[in-house]
Every structure is written in C-alpha cells, then in structure tokens.
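Open the structure in your viewer and keep the selection tool at hand. Each stop below says what to select next and what is there.

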Amino acid sequence: MPGHLYILVSLALFFIGTTGVLLRRNALFVLMSVELQLAAGSLALVTFARGLGDQRGQVDAIFVMALAAAEAAVGLAIVVSVYRTRKQINLDGIDQLRN
C-alpha cells in the first residue's frame with residue numbers, strides 16, 4: 001500500500017479523535033479520543049520513517065506509545081477517583097474540584 005494512503009488514514013483517525021475530544025462530555029470517551037489521536041500521530045511517524053528509509057520515526061512512535069500508556073493510566077486513575085467522590089464522569093459536572 002502506498003505511503004500516502006497511510007497518511008490519509010492517519011489524518012482521518014486524528015480528525016475522528018479531535019471530534020471526539022471536542023464534542024463528547026464523557027471523560028472516558030475523551031480519553032479514548034486522545035488515545036486515537038496519539039495512535040494517528042504514531043502511524044504518521046512510522047509512515048514518514050518508512051518513506052525516508054530511517055528508523056528514527058519508529059523509535060519516536062515507541063515513545064509515543066509509552067506516553068499513551070502513561071496517559072491512559074493516569075487519566076483512568078483520575079476518572080475513577082472523581083467517580084468515587086461525585087458519582088459521575090460527565091466533564092460538565094466535574095469542572096469544580098472542591099466539594
């Protein structure tokens with residue numbers, strides 16, 4: 001498959017993730033949308049690295065995956081903590097962190 005098709009798939013994934021971040025109010029959907037954006041960036045990095053015949057893009061993609069794993073762990077911990085105290089994970093309802 002040609003490289004430009006991978007870039008188009010990456011662009012579509014990134015726009016789907018951006019739409020999810022901007023339109024959804026549920027914190028879990030927002031976290032999944034951010035993960036989708038990071039995956040799209042990784043796909044673009046690997047595609048450009050393959051097109052240039054270089055390995056640096058693939059190494060950078062591994063770092064992005066590690067960042068995505070850390071973001072998921074911390075974000076999910078925050079969501080669970082907020083759910084235990086507020087009994088909701090709607091972003092509109094948790095804009096104030098005080099009681």
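**Stop 1: helix 1 and helix 2**

Select helix 1 and helix 2 (residues 27-52): the two pack at an angle of about 160°, and their axes lie 8 Å apart. Because of that angle, helix 1 is roughly antiparallel to helix 2; angles over 145 degrees count as such. The crossing of helix 1 and helix 2 is left-handed. The model is a predicted one.

**Stop 2: the contact between them**

Which residues in helix 1 meet helix 2? Select Gly-3, Tyr-6, Ile-7, Val-9, Ser-10, Leu-13, Phe-14, Ile-16, Gly-17, Thr-18, Gly-20 and Val-21. On the side of helix 2, their partners include Val-30, Ser-33, Leu-36, Ala-40, Leu-43, Phe-48 and Arg-50. Sorted by class, the contact of helix 1 with helix 2 has 14 nonpolar residues, nine polar and one charged.

**Stop 3: the whole chain**

The protein has three helices and zero strands, so the pattern along the sequence reads α-α-α. Switch to the C-alpha trace: along its principal axes it spans about 55 × 25 × 15 Å. The radius of gyration of the protein is 17 Å, whereas a compact globule of 99 residues would have one near 13 Å.

**Stop 4: confidence**

Finally, colour by pLDDT. The mean for the protein is 85, with 92% of its residues at 70 or more.

Notes
Residues numbered from 1 in each chain as written. Predicted model: local features only at pLDDT ≥ 70, side-chain atom pairs only at ≥ 80, totals over all residues. Heavy atoms only, no water. pLDDT = per-residue confidence, 0-100. Axes fitted to C-alpha atoms, helices over the stretch in contact; angles between N-to-C directions. Helix = DSSP H or I, 4+ residues; strand = E, 2+ residues; numbered from the N terminus. Parallel < 35°, antiparallel > 145°, perpendicular 65-115°, else oblique. Left-handed = near helix turned anticlockwise from the far one by under 90°. Contact = heavy atoms within 4.5 Å. Nonpolar A, V, L, I, M, F, W, Y, C, P; charged D, E, K, R; others polar. Rg over C-alpha atoms; globule rule 2.2 N^0.38 Å.
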